[in-house]
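Dear colleague,

Please find below the structure that I am handing over to you. My findings follow it.

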Amino acid sequence: ANIVAILVTLAMFGIFVFFPIYMQTFLGWSPIQAGAALLPWTILIVIFAPIAGKLSDRVGSRWLMAAGMSTVGLCCLWLSTVTLNSSFWHLLPGFVLGGLGMSFVMTPMSAAVMGAAPVEKAGVASGVLNTFRQVGVALGIAITGAIITNREAAALRGGADPPHAFVHGLTFGMRVSAVICFAGALAAALLVRQ
């Protein structure tokens with residue numbers, strides 16, 4: 001579950017940093033519009049995370065986490081199709097998939113970690129899980145930024161103009177994030193105890 005924690009945050013937080021930059025810089029949206037575009041993601045987590053927690057208590061965390069990570073992987077694949085002319089309606093299915101997927105990863109993941117530790121070690125288990133999440137956030141932003149910059153530079157050397165080069169880097173980064181998510185789904189299916 002801790003491995004899944006680091007992988008899901010590694011894959012996701014590049015989206016939360018670089019998509020607002022993309023929306024503001026290249027789609028011409030205001031900061032408020034870019035933030036509002038991500039609201040469906042947040043709303044779905046608020047609605048479905050408690051449902052995922054109840055399901056986790058009944059059926060266990062393993063398959064919920066694997067399905068959630070696969071859904072987040074599909075989110076990343078969808079977002080890898082953006083262009084310089086993408087509309088909110090093109091982005092929305094990816095944000096919906098991301099919100100649903102993260103709902104079914106985060107709550108069951110916490111349940112798996114806390115359920116695996118004896119009661120007297122609950123604080124330590126929670127602390128370790130949060131450490132893995134925070135490391136994933138830091139690595140996700142850094143690695144996604146490095147991938148985008150590298151692919152953007154390659155596209156510029158190939159003659160692309162700067163906006164197209166950035167989008168090329170962003171879409172490549174999303175494909176890498178999708179691979180990370182599918183690896184997380186595999187890790188959840190194979191490593192998380194029922």
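H1 passes H6 in a right-handed crossing (the near helix is turned clockwise from the far one by less than a right angle). By class, the contact of H1 with H6 holds 15 nonpolar, 7 polar and 1 charged residues (Ala, Val, Leu, Ile, Met, Phe, Trp, Tyr, Cys and Pro count as nonpolar, Asp, Glu, Lys and Arg as charged, and the others, Gly among them, as polar).

This is a predicted model, in which local features need pLDDT of at least 70 and side-chain atom pairs count only at pLDDT 80 or more, while totals for chains, interfaces and linings use all residues. Residues are numbered from 1 along each chain as its sequence is written, and side-chain values use heavy atoms, with hydrogens and water left out.

The secondary structure comes to 7 helices and 0 strands (DSSP runs, H or I of at least four residues for helices and E of at least two for strands, numbered from the N terminus). Along its principal axes, the C-alpha trace spans about 60 × 30 × 25 Å.

H5 (88–116) is among the helices that supply at least two lining residues each, and the largest share, 5 residues, comes from H5. The lining divides into 13 nonpolar, 5 polar and 1 charged residues.
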